[in-house]
Amino acid sequence: MDVYDKPKWLRGNLPLARQENPKEQQSILFFCTANICRSPFAEQLLAHYLSQTTSITVDSAGIYALTGHGMDPLMLKELQLRNVTVRPHHAKQLTGRLIESASLLITFEQHHLQWLLTENPRARRKTLILGQLERLLREAPAPRTLDEIVMDASGLPILDSDVLDDPFSRGTEQIRLAAGRIERTLELLRETLQNN
């Protein structure tokens with residue numbers, strides 16, 4: 001018989017509930033349209049940045065995922081140019097389970113956010129468009145925890161400049177520009193989270 005199955009007076013000074021996981025695993029989820037270009041690039045770059053300094057996990061998905069497809073070759077090349085050890089990528093659909101388990105969701109366009117709100121309106125409080133995240137990190141001092149970022153994001157307006165349009169099938173220059181913008185934002189996020 002487990003000690004917690006005994007009546008309270010037999011437990012002595014034990015806490016009333018088990019605390020097997022006092023702190024939940026924190027995670028960041030990037031999502032875009034097909035999960036073959038922006039979100040897997042962001043996932044792998046941030047995982048590379050955080051691998052030595054934090055236990056935060058990073059994942060990606062798509063609202064209309066090309067399930068099972070690999071990363072766009074041009075975006076993959078951008079990761080390699082940044083000396084990231086690229087892991088195999090298989091696009092996957094954004095699901096309720098992924099949404100619920102993420103501590104912070106980061107997307108790239110307003111229509112991604114609209115999709116999320118129809119699927120899970122409660123997730124709005126922990127979701128930012130990439131440009132919103134960049135503005136938030138530039139305006140607030142580092143270091144900060146993931147929980148503080150989520151709290152500070154509440155009510156942050158969306159500007160047209162926050163959006164990062166899909167560079168897929170738009171040529172090498174658009175891929176390069178998108179990768180550079182994602183990289184700049186994730187460097188800020190790394191600086192913010194590295195001591196947490």
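The following questions and answers concern a predicted model of a protein chain.

Q: How many helices and strands does the protein chain have, and in what order do the elements run?
A: The protein chain holds 8 helices and 4 strands. Read from the N terminus on, the order of these elements is α-β-α-β-α-α-β-α-β-α-α-α.

Q: Among contacts between residues at least 6 apart in sequence, what percentage joins residues at least 24 apart?
A: A contact here requires heavy atoms within 4.5 Å. Among the contacts in the protein chain between residues at least 6 apart in sequence, the share that joins residues at least 24 apart is 73%.

Q: What percentage of the accessible surface of the protein chain belongs to carbon and sulfur atoms?
A: The protein chain has 196 residues, of which 48% count as buried. Its accessible surface comes to about 10,600 Å². The part of that surface belonging to carbon and sulfur atoms is 50%.

Q: Is Gln44 buried or exposed?
A: Gln44 is placed in helix α2, which spans residues 38–50. Beyond residues up to four places away in sequence, Gln44 touches Met71, Leu79, Val84, Thr85, Val86, Arg87, Pro88 and His89. The cut-off for burial is under 20% relative accessible area. Because the relative accessibility of Gln44 is 2%, this residue counts as buried.

Q: Which residue lies over the face of Tyr49?
A: A search of the whole structure for aromatic pairs finds 0. The ring of Tyr49 does have a residue over its face, at 4.1 Å from the ring centre. For a charge to sit over a ring, CZ of Arg must be within 6 Å of the ring centre. The residue over Tyr49 is Arg190.

Terms used. Residues are numbered from 1 along each chain as its sequence is written. This is a predicted model: local features need pLDDT of at least 70, side-chain atom pairs count only at pLDDT 80 or more; totals for chains, interfaces and linings use all residues. Side-chain values use heavy atoms; hydrogens and water are left out. Rings of Phe, Tyr and Trp (its six-membered ring) pair if their centres lie within 6.5 Å; planes under 30 degrees apart count as stacked, over 60 as edge-to-face and the rest as tilted. A charge sits over a ring if NZ of Lys or CZ of Arg is within 6 Å of the ring centre and within 35 degrees of the ring normal. Helices (H or I, at least four residues) and strands (E, at least two) are DSSP runs, numbered from the N terminus. Buried means under 20% relative accessible area, exposed over 50%, partly exposed in between (1.4 Å probe, protein chains only). Accessible areas come from the Shrake-Rupley method with a 1.4 Å probe; for residues, only the protein chains shown count as cover.
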